[in-house]
Every structure is written in C-alpha cells, then in structure tokens.
Amino acid sequence: MSDQAHRTASDRETERGNDFDRARDQAQRMQIHSESGVLFEQAMAQTRMAICLADPNQEDQPIVFVNRAFRELTGYEEDEIVGRNCRFLQGPGTDPAQVRKLREAIASEDVVVVELLNYRKDGSTFWNALHLGPIYNEDGSVRYLFGSQWDVTDVHAARADEKHARMMEREISHRMKNMFAVISSIVTMTGKLDGAEGLAEKINARIRSLGRAHEAMLEVSFTEGPTDPRKLFEDLLTPYAPQGRDSLTLTGGKVPLDSNVVSVLALTLHELAINAVKHGAFAAQEGHVSLEWQVIDGSDGDGRLRLLWTETGGADPGPGPERHGVGMTIIGRMLAMGEGEIRYDWRAEGLHVDIQFPTSI
Amino acid sequence: MNMMDRSTDAGRASLSGKTILVVEDEVLIAMDINESLEEAGARVVYGRNLRQGLDRVEQPIDVALLDVSLGHSETCLPIVERLRARGVPFVLHSGDVQRLGETITNIGAPVLEKPCDLAVIRRALVAALATG
C-alpha cells in the first residue's frame, strides 16, 4: 500500500496503459473485435470487480482472461493464472459442497452464486462471493464461463459476530429466567417455612414483574438510540388485565431508555396493576387501562419520560386511600430517588396517574 | 435482611454522624443502601450518575461508596480522582467485577461485589474510614 502511495502520477499512467494493453492483447487472443472489444478492454481494466473468463471447450476448462482486480485480489501474476483451472484458488478450508454446486451449475449451464473460502498466493484466505455463468456463441453453444468474484470476508466476519451475539443472547435469557425462577422458589419456600406465605407471594409477584420486564428488553440494545417500550408494557400488564391485551390501550412511540430505567418502570407499572386488580379497573371484567407515554423536556434539559395511566370501567375509587400501601410507598420513594414524580387523581370513573422521571437514571 | 441488620449491628456506631457519598445508578439498590446508612446515623449524599457524583463530590465528605460502572460506558474514575486529590477514603461497589477487572485493579481500593449484604457494605465503609 505505502508502495502505491509513493508512485508518481506518470507511474500510474504507465500502469494504466499497461493494463489497457494487456486487456487488448487478451481480447485479441479471444477474438473480440471492433467497438465491443474496446469497451471490453476498458471496462475490464477499470472495474474493481475481480473478473475471469474460462474456456469450457478446452481440456480442464482453463482460465483465458483475468483483469487487474482479479490479480490484486488473489496476489497471482497473470502468467501464473492463465491456463489453469479456477480450482487453484481452493484449499483445505474450502467447502466441497459449494464446489460441487459450482460444478453442477457449469454442467447444466446455470448461473450460480456461491461463497467459497479461497486462498491467495501468500496462503492467506478470503471469502469469495463467486458469481459464475455461461456466455454463449450466436449458435447457442457455450463460449466462455464468466466468473466475477468479490471479497466478502468482512461480511462473513460480521455475520459470524452476529451469530455469536444471538447465541449469547439466548444463553443470557435462559440463565436470567432460571435465576428469577430460583429466587422465586427461595422466597416461596422461606415464606412457607416461616409462616409468611402471603408476604412471600407479594414479593414473588414483584420479582416476576422484574423478570418479565428484563426479558422483554433483552433484545433491545440500549446504546442504539430510542426503543419501543410497547412489548415491555404489554408483558408487564397483560397478566393482570381481566381480558388480557383487550383490556389495555397502549399509546406512544419510541423513547430513549436506559437499561436501569427498566426496573423502575417494571415496579411502577406492577404496583399500579396490582392496585387496579384490588381496587380499580382490573377488578371488573369490563375494566380498561389506557397507558400513554411520551418524552418531554425536563428543567435541566434532559429528557423525561411521562406516563399517563388512566383507568376506566372499574369501581369508583373514592377519595383515595388515607395512607398509601406498601406498593405505592415503594414507587413513591423509588421515583423520588431518581428525581421522578408521581401524582394520583382519584377520579370517579377511575384512577388517573401522572408519572414523570428522567429517561436516563 | 432487616433481621440480620439488627443482629449484627455492624458499623452502626462508627458511621453515626458521618457524611457518606453514595454514587449508584440503580435507584432501587441505592434506595436500600441509603436507608441502611441513614439508619446507622449517617448523612447520605446521593448521586445517581457520573455528573451528579462529580457535582456532589466537592461537598465535605467523610467516606464514599462508588458503583464502578455508571451507564453510558462511564465509570466512577473521575470521581475517584477527585476523592484521591482530597484524601477522602472510598469503597468500590460493582456488579461487573469480571468485565471491569483491570479498571478496578488499577484503582487499588477495596471492592465489594454485587449483590452485597448491607452489613458488609457498612463494615467496609467503617474500615475505609479507619484507614483513611
């Protein structure tokens, strides 16, 4: 590369001239004449796509033409390539199944695209997306096999990374579910043995909500900008809704969420849902909860997530409790810690709650 | 947890009257820790991210408890520098000890691995106060 950087413009000029000459020589050898011959020469010399032509009518189908990009890709000189069958690029790591596919396509005069692990002259490997197809004579007989190759090593690496990431994701999901299940069992067992089954169940319900929330957000990459919290809300609330998803109206778009906001969201919605089951909309078959969310600007310029929770169709909640229960105390303290706020409005048609907290805690 | 707190009394007397900086980005964990420290008679100065931690570190502080990773790929290192400059002792608290191995070792302070018992946190803060 550095070598190339030092070349003068006239060197490059000479080289390009040589390339054109070479392409012309080869074109003449292949009896391509006139205007199309000139076009062929120039196109082959300029394209960054590695191209080769092989003659299917000669013994062992030797390569009869390669362009500069092909030489650069493989590291071989022209005289080391022309006259040989394409398979000299293969090596021990090349998948025989792909080679077979290639051979069958040649035999049946099909166009085929395969990805092969190929080897350069220096022994290094590259993933070659090889497109191969027949070029016909006017009489319909095959004149050349046209091969274009593209180095897709980067794509391959990215795909392998992605596969690995998916595997890890599944593994983490599995372990997380197990962990939440184990915690749950311990709580249940301890509660039973200590005569506090009711308390254990309350704790477990919260743990389950946390588990569901983190599970729903597992596939979300928090670093990649705004995320859609709909699945999170659905997974959290559906188990408590008398008619499942039909008891819910979820309105809102993507919001920027930090991973540590998930627990806060999960517990907040859990407590509201539990309260609705006990005293509100989820206590009635026809009860309904509407959850709206949006991002608003906070006083310090940071985004704040605003949630509006509106219950309808349940019993009249009355003037509201004198003293907040455990659940509401937890939400209140938690939100205060994170500089959030919560306001309850005990309307006759149902509880209305307005919650705000920073999107990044 | 509460029953255990009462039975071990660890760090109660010695944290009384102290000002403790707690930097922790999981508010639920912070809630638990801060309450436990306040019950031990300490005054807690709380920061839930790096910015707030840096802001609050300039107040008079006796000892600090720092969560190492603070989200947005930020760590508590800038706070560590300020504490070091002022000679304030501190304890690290991390759920990411494996991934942050080198960062943590380089800081060279006592490390508590999450999840960590509240009594253990209080004892570690008392110990840090004694050495600082």
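Where in chain A is the place of A:Asp60? A:Asp60 sits in the loop between strand E1 (50-54) and strand E2 (63-66) of chain A; point 6 returns to this residue.

1. Basis of the model. This is a predicted model, in which local features need pLDDT of at least 70, side-chain atom pairs count only at pLDDT 80 or more, and totals for chains, interfaces and linings use all residues. Residues are numbered from 1 along each chain as its sequence is written, while chains are lettered from A and ligands numbered from 1 in the order in which they are written.

2. Confidence. The predictor assigns the complex an ipTM of 0.73 and a pTM of 0.64. For chain A the mean pLDDT (the predictor's confidence in each residue, from 0 to 100) is 85, with 87% of residues at 70 or more. Chain B averages 86, and 89% of its residues score at least 70. Over residues 1-8 of chain B the pLDDT stays under 50, and the model has six contacts for them beyond four places in sequence.

3. Chain make-up. Helices (H or I, at least four residues) and strands (E, at least two) are DSSP runs, numbered from the N terminus. Chain A contains 11 helices and 10 strands, and chain B seven helices and five strands. Along its sequence, chain B follows the pattern α-α-β-α-β-α-β-α-β-α-β-α. A residue is called buried if 20 or more other C-beta atoms lie within 10 Å of its own, exposed if 12 or fewer, and partly exposed in between, with C-beta atoms placed from the backbone. Buried residues are 24% of the 361 in chain A and 38% of the 132 in chain B. Of the contacts in chain A between residues at least 6 apart in sequence, 55% join residues at least 24 apart. In chain B, residues 24 or more positions apart account for 64% of the contacts with a separation of 6 or more.

4. Cores. A nonpolar core is a set of buried Ala, Val, Leu, Ile, Met, Phe, Trp, Tyr and Cys residues joined through C-beta atoms within 7 Å. The largest has 68 residues, of which B:Ile20, B:Ala64, B:Leu65 and B:Leu66 touch the most other members. Helix H10 (residues 261-279) of chain A gives the most to this core, 11 residues. Apart from it lies another core of 19 residues, including A:Cys52, A:Val66, A:Leu73 and A:Leu102.

5. Nine residues of chain A are in contact with eight of chain B. The chain B side divides into four nonpolar, one polar and three charged residues; Ala, Val, Leu, Ile, Met, Phe, Trp, Tyr, Cys and Pro count as nonpolar, Asp, Glu, Lys and Arg as charged, and the others, Gly among them, as polar. The axes of helix H11 (residues 326-337) of chain A and helix H3 (residues 27-39) of chain B come within 9 Å and cross at roughly 100°. Axes are lines fitted to C-alpha atoms, for helices over the stretch in contact, and angles run from 0 to 180 degrees between N-to-C directions. H11(A) is therefore roughly perpendicular to H3(B), given that angles under 35 degrees count as roughly parallel, over 145 as roughly antiparallel, 65 to 115 as roughly perpendicular and the rest as oblique. A:Arg333, A:Met334 and A:Met337 of H11(A) make this contact with B:Val27, B:Leu28, B:Ala30 and B:Met31 of H3(B).

6. Backbone geometry to check. A:Asp60 has a positive phi, near 60°, and is not a glycine. A:Asp60 is exposed, with 11 other C-beta atoms within 10 Å. A:Glu109, also not a glycine, has a positive phi of about 55° and lies in the loop between helix H6 (96-107) and strand E3 (112-119) of chain A. A:Glu109 counts as partly exposed, with 14 C-beta neighbours inside 10 Å. In chain B, a cis peptide bond with omega about -5° joins B:Lys114 and B:Pro115.

Terms used
Two residues are in contact if their C-beta atoms, placed from the backbone, lie within 7 Å.
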